[in-house]
Amino acid sequence: MSENERYEAVIGLEVHVELGTKTKIFCNCPTTFGGEPNTQVCPVCLGLPGVLPVLNEKVLRYALRAALALNCEVARFSRFDRKNYPYPDLPKNYQISQYDLPLARNGYVEVNGRRIRIKRLHLEEDAGKLLHEGDGAQDKWSLVDYNRAGVPLAEIVSEPDIRTPSEARAYLESLKAILQYIGVSDCKMEEGSLRCDTNVSVRRKGETGFGTRTELKNLNSFKAVEKSLEYEIARQISVLEDGEEVVQETRAWDESREITVPLRGKEEAHDYRYFPDPDLVPVVVDQALLDEIRKEIPELPSAKRQRFIREYGIPEYDAGVLTADKRLADFFDECASRYRDPKVVSNWLMGEYLKYANATGLSFAEIPVTPEGLVELLNLQDEGVISGKIAKTVFEEMLKTGERPSEIVKKRGLVQISDENAIYAVVDEVIASNPNVVRDYLGGKEKAFGFLVGQVMKATGGKANPAKVNAALKKRLGKE
Amino acid sequence: MSITEETVRHVAWLARLGLSDEEVEIFTGQLGRILGYVAKLDELDTTAVTPTFHVLDMYNVFREDEPRPGLPRDEALANAPDASLGFFRVPRIIKSGAPAGSPTAEEMSRTSSRTGASPTGPKSGARTGPGGDES
Amino acid sequence: MTELWAMPAWKIHELYEKGKTSVEEVCRTLYRRIEEVEPSVKAYIKLLPEPDGKGADGRVTGSPLGGIPYALKDNICTAGIETTCGSRILSGFVPPYDATVAAALKKAGAMLLGKTNMDEFAMGSSCETSAFYPTRNPWDLRCVPGGSSGGSAAAVAGGEAVFALGSDTGGSVRQPASFCGVVGMKPTYGRVSRYGLVAFASSLDQIGPLTRDVRDCARVLGVIAGHDPRDSTSAVAEVPDYERGLLEGRKDDLRGMRIGVPKEYFAQGIQAGVKHAVMEAIKTIQELGAFVEECSLPHTEYAMAAYYLIAPAEASSNLARYDGVKYGYRSEHWSDLTGLYTKTRMEGFGPEVKRRIMLGTYALSAGYYDAFYLKAQKVRTLIRYDFAKAFERFDLLVAPTSPTVAFRIGERMDDPLTMYLSDVCTIPINLAGLPAISVPCGFSEGLPVGLQIIGKPFDEPGVLRVAYAYEQATEWHLRIPHLDGVEAAKRIARNDGQVSADE
């Protein structure tokens, strides 16, 4: 038994999600990403003397949607607290958050058949951004941009139920899919609208207690979450195997070296001095509101996956891939409900479509092709108007321009040649100009037949109906 | 009730309040006397009493999610003691002498523009924030 | 005839309506009076060279406060006008927005003369913790005007403003009103928007008027009260017409009113002269037909202890934002960010503010939250219950506003606890969020005494009614301090030596 097999990891995730409301959590400033510094600010989010926060109702509704979609118990009574911590990115030097009475608790997410419990979901305001002039230690200043200060965040804390790095990643992907499905966040890790810290410890298999944990930060992608955990677990095991003890600390993932490093400097012992924010009144959620919110929740990924398997008869693997993103799932759903063979649709989406998305880095929203377009393309192929090969060419064009396939076919003259006279004319020509090959074929060389087909296709610019070409060749060569 | 100068210095640090040695001495005495006075509250048994955080019986006060223009940038920065390039400017947060590009624990545990990390602080000390602690 | 500067707003308004005076004349008179007495009273931190407001266009008859010159405590934000809170740390801060009350007064056509002096961040009971200078009591320039809204009270008493707004966290409107012989009201928590009031203790702060008489108080309250969508703690309850309520009610008849006299308010350290004046006032109220009976608010003695945990705790958090980054003062003596914070706050805050930040930070800190902050909030519940129980039997309660008359400048600066005791009669009302008014009810040692009338939540009409009936039956509110500018200045010159020796 190898070292690694004698240990198991205990992992918990703390995820911050920016809720996609139009305005900030406590004022009417817009939340759009990427504005010029300090142009999306007002007296309230700048924390000027005398200002007061008022809760954005949409923020509560989005958070409730998330809480229900994550199977949480929603608190009937919750409130906002002040987390006191002086830092230049917090304009008031405290953050409005929820401490002992969070909005929701005790939820779970199903990840590959395992249930990962969610400890709590609460609301808080985001901090501003700090930039550092230059990069050297000689630079004297940091710059503060408060555009992000006050953007609504939902913090979702899991129980330490995760056992492997890949499960951590799968949990994050499920979480992301669910939040996107219910339309409360775009979950873009690269823009910081989804952020994740992890807690990890290891213990010998069979033990029920917990080892000393470390906290990992600077995780900027799903891959980073997985890789950093892999590294950190191995590191902790080797520390223990060396007879030493794991130090409880915060470590950062160093992307370029693919290792975790302890954060420099001694961490302050924080004393946040939480107390209920007297400027805000409690939030009371009654059954009527919950019923109303429940109606806003669409079919979630797991339910959709089951339905795709059931209704469309596609393999479980396909269903999993297609439902990972709501837009992709909706795309498939729409095509599959109108086309005779859903598996063909699935093949196109999982093949050409995803390949294109990955290659270009475009999001599904940015790819202009429509479900109607794909169905039309498949029908053109079925009707023999275009060949399978041409269909791929047409689809490539559709992915770029979103143009209807019939238009592309017409414009580029890609209609399949099925007219028998036309095909026979080309076949006769090819036979006449390749007597040696014909002889080989008739002499038993089956491969020669393929060459002849290729010549016909070449002469027709690939537009000849391949079945008809085959038939015509065989007839002329007396094999029919 | 008496408190020590060490406690006074710690509390002053939490409040980011610079105090002279003389002030530390004065406050140690005064805070001790005031805390001695407020200890009067211990005479009351409040185990069954709910605290009053709000005198008004109000809840669910909301605002519409409608964007409204805030302050023009020059007005937002008009009161700043130091502003530059459209930003508020503060002394550099990374301690000098540190290798460039490696953030501090402090910074990492906060929201940094480089990392895009969340504004959650580390979870040491009492009364800390919520967390996915497994221990 | 009374001088214009000594008239209440409603009377000036009548003169406007009859065309007997003009805004120009009223303003001229006020500015002349200010020029005369301000050097000795020092009620203002900032005096505007000309009044800010639209009242001056002559159309003053439509609105009850049209063309009426007034003053604002300097913790109420005014767009484009420096707002300092009496603190060095906010020096140079020019708000880009108006407080909701400032906007309401502007809209009503009232004309802002300036921003009044106050205890730094409203922490104090004497106006002596102001970073600028102490304000003096117009009745006796050797004495404090009370606080923290001492500048506003002194401005009204001294004829330097027709009315003023103050803020009341533990008595900061009522106690200075009592010390200066004017009317001061703290409305029910939530009645007046706090938006734009620089926060001291958010769950206790409430803006209120300081006026020459009760009718003006009703008039001003009518303009500033009401729901504000920018303040989550602002009540949605409808605002009655307070002034019409007074004029239409029977002002010489309080029959059917049940009034309680909480005995605890007459116990600790009350001066004999104050007690006498208040008892006489209660007798008058009885003579007006009210049923008066002694009652008890048993937890009164714990109110101050609870207050001095709750208010500093909230303040420690509210004042955390003053760090030299976004506005106000920034120290030049720093080497890193932490140094910038600690030095800015060390140099920017005065001793009383530092003391309360320390106290509040301690009360919230790890290990002490339950024992101090939470405990205090529970005791607050007991204090609220006391009142609720009393209000089952009584419509209103009456008590002294302050156990003493105005004290000498410098007298209580050395001992914070003694200073805190100035607010022993007003603090419980803030903890319970109730409306209360202070009206002049006599003199002791030549200084004004205030009668406090306390009502149920949102019963400002009841409070005003009794206050008005009492006022109409007496003449205390008509007395004005004989502040002779030249004489006063001389006396100041003599006193200054004495004061600085005390400080």
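Which residues of strand 4 of chain C lie on one side, which lie on the other, and are they buried or exposed?

## Strand 4 of chain C

In this predicted model, one side of strand 4 of chain C carries Phe163(C), Leu165(C) and Ser167(C), while Ala164(C) and Gly166(C) lie on the other, and all of these residues are buried. Both faces of the strand are therefore covered. Because five of the five residues in strand 4 (residues 163-167) are buried, the strand is largely enclosed by the rest of the structure.

Strand 4 pairs with strand 2 (residues 69-73) of chain C in the parallel sense, through three bridges. It also pairs with strand 6 (residues 207-211) of chain C, here antiparallel and over four bridges. Ala164(C) takes part in both pairings: Ala71(C) has Ala164(C) as its bridge partner in strand 4, and Leu210(C) is the bridge partner of Ala164(C) in strand 6.

## Contact between chains A and C

Chain A contributes 24 residues to its contact with chain C, and they meet 36 residues of chain C. The chain A side comprises 15 nonpolar, four polar and five charged residues.

## Backbone geometry

Most residues other than glycine have a negative phi, and most peptide bonds are trans. Asn38(A), in the loop between strand 1 (7-18) and strand 2 (55-56) of chain A, has a positive phi near 55 degrees. Asn38(A) counts as buried because it has 27 C-beta neighbours inside 10 Å.

Cys187(A) has a positive phi near 50 degrees and lies in the loop between helix 3 (165-181) and strand 12 (194-204) of chain A. With 20 C-beta neighbours inside 10 Å, Cys187(A) also counts as buried.

In chain C, the peptide bond from Gly147(C) to Ser148(C) is cis, with omega near 10 degrees. Ser148(C) belongs to the loop between strand 3 (111-116) and helix 4 (150-157) of chain C.

Terms used. Residues are numbered from 1 along each chain as its sequence is written. Chains are lettered from A and ligands numbered from 1 in the order in which they are written. This is a predicted model: local features need pLDDT of at least 70, side-chain atom pairs count only at pLDDT 80 or more; totals for chains, interfaces and linings use all residues. Two residues are in contact if their C-beta atoms, placed from the backbone, lie within 7 Å. Ala, Val, Leu, Ile, Met, Phe, Trp, Tyr, Cys and Pro count as nonpolar, Asp, Glu, Lys and Arg as charged, and the others, Gly among them, as polar. A residue is buried if 20 or more other C-beta atoms lie within 10 Å of its own, exposed if 12 or fewer, and partly exposed in between; C-beta atoms are placed from the backbone. Helices (H or I, at least four residues) and strands (E, at least two) are DSSP runs, numbered from the N terminus. Two strands pair if DSSP finds at least two bridges between them.
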